[in-house]
Amino acid sequence: MAQNQLTDRIKEAAARLAEMQVGWRRHLHRHPELSFHETATTAWLKERLSELGLEILPIKLETGVAAELRGDQPGETVAIRSDIDALPIVEQTGLPFASEVDGCMHACGHDVHMATVLGAAAVLSGMRDHVPGTVRFIFQPAEEKPPGGARPMIENGALDGVSMIFGLHVEPHLNTGRISLRDGATMGSVFDFELIIRGRSGHGARPHLAVDAIVTAAEVIDSLQKIITRETDPVEPIAITIGKIDGGTASNVIAEEVRLEGTARSLSPKAFKKLPSLIKRTVAGVCKARGATFELNPSADYPVLTNHASANKILARTYSSLYGKKIEVTPPTLAAEDFSFYLERIPGAMFRLGIRNKKIGAGEPWHSPKFIVDEAAMPVGTALLAASALDALGGIE
Ligand code: NI
């Protein structure tokens, strides 16, 4: 079918689905689950996917699901990914469908991602005669919690045989109906680590008989910042943050041990490659100078999220065919997303779905207890995903 005819049909199907989709989303919003504990969410998704006639793939994980929609004609396999986890946040939106789970909230829009991607499955299941190949729907656990759910999904075969993948994230800085995208490096790589500095305890008045882990830690924290200004190319953005520090027992006791947790980020794979060894060298040098020892334990390691030009092209032309508008440009950020693991292996792209609508209070930042989403954005994301998947399969002339 010609592009405009097919995209119009998809847009209409997505619009017809809107009411049911809002129901799905509100159910998920009421029943959020934390990372790696999304058991009810997984069961609920499996029910909806089976109802739509999709085949559930044998992914051997506690949570998360992948399902396939096979078109009437043979062809390649294209995937669409949603994350499914919520956050340890007490919801303060006052919405009638607010979280019913104390201290847990879908405050990053992953409920919206699920309903939007499920919508694409529903739209495409109603037009299998136009699907030349297979569309795989990947509902991944634990996007919010390193080491993340993407890697175990991939290790369990979720990406096997897939030629291209699309993902989305809601964007509170972008008005409903708008989409943004970025070519190339879009979100940061991550090196999360725990650092333990060990000295020798002693009386606070006799520092010469001890090795002060707190003074050493202070010097380490300061020196780590100098990696950014003195050791790496200033045109390549890097952030190093120590976000947690814990050590010592009393004001007059020299601390034996200090435990730190930090993260190092970059948008440049080249700069990022050097960061773990630069951090280790810096920590080792400072500790040696003060007579302390250390232990550096990496806790998460994500690649840069890099959108592929071929997938971006499909999203851009599909959006313009659907809505007659141009896609906006996503600003780069050192925030991270484990969708990067899929894009490290196969071509694909993650776009941002505008959900901002001041009239209903939608536009609070991600992870805010007052995070509200304009649900009118869902049919836009659904139509874009369904039509882009068809385009990627060669189903649009
Ligand atoms: Ni998120």
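Reader: What should I know about the model before I start?

Author: This is a predicted model: local features need pLDDT of at least 70, side-chain atom pairs count only at pLDDT 80 or more, and totals for chains, interfaces and linings use all residues. Residues are numbered from 1 along each chain as its sequence is written, and side-chain values use heavy atoms, with hydrogens and water left out.

Reader: How many helices and strands does the protein chain have?

Author: Start with the terms. Helices (H or I, at least four residues) and strands (E, at least two) are DSSP runs, numbered from the N terminus. Here the protein chain has nine helices and 16 strands.

Reader: What does the radius of gyration say about the protein chain?

Author: The radius is taken over C-alpha atoms, and the globule rule is 2.2 Å times the number of residues to the power 0.38. For 397 residues a compact globule would come near 21 Å; the protein chain has 24 Å, which agrees. Along its principal axes, the C-alpha trace spans about 80 × 45 × 40 Å.

Reader: What share of the residues counts as buried?

Author: Buried means under 20% relative accessible area, exposed over 50%, and partly exposed in between (1.4 Å probe, protein chains only). Of the 397 residues, 54% count as buried.

Reader: What share of the contacts joins residues at least 24 apart?

Author: Contact means heavy atoms within 4.5 Å. Take contacts between residues at least 6 apart in sequence: 81% of them join residues at least 24 apart.

Reader: Are Cys108 and His169 buried or exposed?

Author: Both Cys108 and His169 are buried.

Reader: Where does His29 lie, and which residues is it in contact with?

Author: His29 lies in helix H1 (residues 3-30). At 0% relative accessibility, His29 counts as buried. Leaving aside neighbours within four places in sequence, His29 is in contact with Glu91, Phe97, Ala98, Ser99, His106 and Asp111.

Reader: And where does Val131 lie?

Author: Val131 lies in the loop between H3 and strand S4 (132-140). Val131 has 0% relative accessibility and counts as buried. Beyond neighbours within four places in sequence, its contacts include Leu69, Leu124, Leu390 and Leu393. Val131 and Met164 are 33 residues apart in sequence and 15 Å apart in space, C-alpha to C-alpha.

Reader: How do I read the backbone angles?

Author: Most residues other than glycine have a negative phi, and most peptide bonds are trans. Now the cases here. A cis peptide bond joins Pro146 and Pro147, with omega about 5 degrees. Pro147 lies in the loop between S4 and helix H4 (150-155).

Reader: What is phi at Ala142 and at His367?

Author: Phi of Ala142 is near 50 degrees, a positive value in a residue other than glycine. Ala142 is also in the loop between S4 and H4, and at 0% relative accessibility it counts as buried. Phi of His367 is near 70 degrees, again positive in a residue other than glycine. His367 is in the loop between strand S16 (348-356) and helix H9 (378-392). Its relative accessible area is 36%, so His367 is partly exposed.

Reader: How far apart are Ala210 and Gly199?

Author: Ala210 and Gly199 are eleven residues apart in sequence and 7.4 Å apart in space, C-alpha to C-alpha. Gly199 lies in the loop between strand S8 (189-198) and strand S9 (202-203). Ala210 is in the loop between S9 and helix H5 (213-231). Not counting residues up to four places away in sequence, Ala210 touches Arg200, Ser201, Gly202 and Ile254.
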